[in-house]
Amino acid sequence: MSGRAMWSGVRAVCFDMGGTLIRPEAVATTGQVAEVLSISLEEARAFMGRGAKRRVITPQCLAREIADAYGRPELTGPLTDVLERARRRAEDPQLYPDVADTLTALRARGFALYAMTNALGSSVPEQEPAAFRELLDAVFYSARTGAIKPEPAAFAAVERVSGLRSDELLHVGDSVNADVRGATAVGWHTAWVDRHHTTGPLMPEASTLRLHTLNTLPLLLPARAAATTITSEVAG
């Protein structure tokens, strides 16, 4: 079935951020924290998922919490440096070249546009970057909603603000588990962004379309969306 047929009822598109809209660093912030602590990436991810991604916190306070949790107070300084750099990157995100044109085209056709990210609380900018204020209706940070993808509550936050049903929402992201499976589980339409042309089996979800660039997205959505775009404040 074509994208236009599957997505005929879609009124809003929600994008993952890192790896979908924003160019990620070679080593993600959590990976850098793991390197400073000399722990595994899996352990660092688990630690961040328990609390650091579920509340807003300053880089300095989070660095102290991490250092204390691992009994390494001498690492507070290096951890603060890592988290402060991540905060600066979040304030001035480096978007992929296909983002602005794609979102502008979708906005012109009446789609509401959102972004959702499992962000460290220390990386949430005080003021939304200009690019997002101009291109998106709202950004949902896990540190503000208290829920991380693929948890249903993360997607429910978008539904509450948008006022839309699950079958009116399309989620676009690069993570098979957090984005595709998380959104599919709550009844959303899904698109997997595979910018690196991953080899191997295709997505297990038959209803998920695989994209190598966001430029193809406007071609797959209906010619016209709802008459009015749903606009909301940045989620928090």
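1. Helices here are DSSP runs of H or I with at least four residues, strands are runs of E with at least two, and both are numbered from the N terminus. Please keep in mind that this is a predicted model, where local features need pLDDT of at least 70 and side-chain atom pairs count only at pLDDT 80 or more, while totals for chains, interfaces and linings use all residues. Residues are numbered from 1 along each chain as its sequence is written, and side-chain values use heavy atoms, with hydrogens and water left out.

2. Stay with α6 for a moment. Val 99, Thr 102, Leu 103 and Leu 106 are buried in this helix (buried is under 20% relative accessible area, exposed over 50%, partly exposed in between, with a 1.4 Å probe and protein chains only). Seen down the axis of α6, these buried residues fall within an arc of 90 degrees, so they line one face of the helix; the arc is taken from the directions between the helix axis and the C-beta atoms. An α-helix has 3.6 residues a turn, so residues three or four places apart point the same way. On the face turned away from the buried side, α6 carries the exposed residues Asp 101 and Ala 108.

3. What do the buried residues of α6 pack against? They meet β1, β2, α7 and α11 (217-220), where contact means heavy atoms within 4.5 Å.

4. Now for the sheet. Six strands form an open sheet in the order β3-β2-β1-β4-β5-β6, with parallel pairing; two strands pair if DSSP finds at least two bridges between them. The edge strands β3 and β6 each pair on one side only. From one strand to the next, the twist averages 25 degrees.

5. β1 and β4 run parallel and are joined by four bridges, and Phe 15 stands opposite Val 172 in β4. Val 172 in turn has Ala 191 of β5 as a bridge partner, and β4 (residues 169-173) pairs with β5 over four bridges. On to β6 (residues 209-211): β5 pairs with this strand over three bridges, and Trp 192 has Arg 210 as its partner there.

6. Five of the five residues of β5 (residues 189-193) are buried, so the strand is largely enclosed by the rest of the structure. His 189, Ala 191 and Val 193 point one way, and Thr 190 and Trp 192 the other. In a regular strand the side chains alternate between the two faces of the sheet.

7. β4, helix α10 (residues 176-185) and β5 make a right-handed β-α-β unit: with the strands pointing away from the viewer, the path from the first strand over the helix to the second runs clockwise.

8. Finally, the largest nonpolar core has 32 residues. Such a core is a set of buried Ala, Val, Leu, Ile, Met, Phe, Trp, Tyr and Cys residues joined through side-chain atoms within 4.5 Å. Among the members that touch the most others are Trp 7, Phe 15 and Leu 217, and α6 gives the most to this core, with three residues. A second, separate core of 18 residues includes Phe 47, Met 48, Val 82 and Leu 83.

Conventions:
Axes are lines fitted to C-alpha atoms, for helices over the stretch in contact, and angles run from 0 to 180 degrees between N-to-C directions.
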